[in-house]
Amino acid sequence: MGTVVDDAAAAEFHAFFEAHYAELARLARLLTGEADAADDLAADALTALWHRWDRVRGADHPVAYARGVVANLARTRIRGAVRERRRIALFWAPRGGGDGYAVEDPDVSAVVDVQGALRRLPFRKRACVVLRHAFDLSERDTSLVLGISVGTVKSQTSRAMAELHRLLEPEGPAVRVQVAVAAQRTGGRR
């Protein structure tokens, strides 16, 4: 499956790659919570873009398109991981309905970091928070990336922030959530 592209298009893709690879890897890391998978997801997204570069380069918002590809790949990875965990849990579940292996929920008062709290959010809410607060995208740009309406972005972001505040309440003031998510933009530096 070869892609025939002229030298100008190849140079344009190379410039796009150089300008946006780190951002796409950071987005993948924040969406999946897996630093190891972030580079792979960004590379897979850029490979997909390369195969369709003639269409992507003509798009109104190529970066939004790239972010959407990363979001879709992250969603697929998360769903696969959830299915795998369920299979493992079913395999190791006790037979006969006994409660000898029942494990209590972990202590809720334990310290919860922002990435851990983000992982607990459903994908769409997590994606809205990450794109809006860590990447400073507008509601419109976020809706373009995720393929949802601006109203859905507003409601999902609002609900996600409320959930993050609830999850992180034991740590301190609610304002800390926005500061911590925004700090992801700079790799933890404030």
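**Exercise 1. State whether Asp141 is buried, partly exposed or exposed, and describe its salt bridge.**

Solution. 
Step 1. In this predicted model, Asp141 has a relative accessible area of 27%.
Step 2. Buried means under 20% and exposed means over 50%, with partly exposed in between. Asp141 therefore counts as partly exposed.
Step 3. The partner of Asp141 in a salt bridge is Arg140, and the closest N and O atoms lie 3.7 Å apart.
Step 4. Arg140 has a relative accessible area of 47%, so this residue is partly exposed as well.

**Exercise 2. Describe the salt bridge between Arg132 and Glu139.**

Solution. 
Step 1. The side chains of Arg132 and Glu139 meet at 3.9 Å, N to O. The cut-off for a salt bridge is within 4 Å, so the pair counts.
Step 2. With a relative accessibility of 23%, Arg132 is partly exposed. Glu139, with 28%, is partly exposed too.

**Exercise 3. Classify the aromatic pairs Phe13 with Trp50 and Phe17 with Tyr21.**

Solution. 
Step 1. A pair of aromatic rings is described by the distance of the centres and the angle of the planes.
Step 2. The count of aromatic pairs comes to four. One of them is Phe13 with Trp50, with 4.9 Å from centre to centre and 55° between the planes, which makes the pair tilted.
Step 3. This pair links distant parts of the chain: Phe13 is in helix α1 (residues 7-32) and Trp50 in helix α2 (residues 35-51), 37 residues apart.
Step 4. Phe13 is buried, at 11% relative accessible area, while Trp50 is partly exposed, at 25%.
Step 5. The ring centres of Phe17 and Tyr21 are 5.1 Å apart and the planes stand at 20°. Planes under 30 degrees apart count as stacked, so this pair is stacked.
Step 6. Both Phe17 and Tyr21 lie in helix α1, four residues apart, which is about one turn of the helix. Phe17 is partly exposed, at 29%, and Tyr21 is partly exposed, at 23%.
Step 7. Phe13 and Trp50 also belong to one aromatic cluster, together with Phe16 and Trp53.

**Exercise 4. Name the residues of the negative surface patch that includes Asp36, and locate Asp36.**

Solution. 
Step 1. The patch is formed by Asp36, Asp39, Asp40 and Asp44.
Step 2. Asp36 is found in helix α2.
Step 3. The relative accessibility of Asp36 is 72%, so this residue counts as exposed.

Technical notes. Residues numbered from 1 in each chain as written. Predicted model: local features only at pLDDT ≥ 70, side-chain atom pairs only at ≥ 80, totals over all residues. Heavy atoms only, no water. Phe/Tyr/Trp six-rings, centres within 6.5 Å; stacked < 30°, edge-to-face > 60°. Helix = DSSP H or I, 4+ residues; strand = E, 2+ residues; numbered from the N terminus. Buried < 20%, exposed > 50% of the residue type's maximum accessible area, 1.4 Å probe, protein only. Patch = residues over 30% accessible without salt bridge, like charges linked within 9 Å, V, L, I, M, F, W, Y side chains within 5 Å. Areas by Shrake-Rupley, 256 points an atom, 1.4 Å probe, with all protein chains shown as cover. Lys, Arg positive; Asp, Glu negative; His and termini not counted. Charge placed at Lys NZ, Arg CZ, Asp CG, Glu CD.
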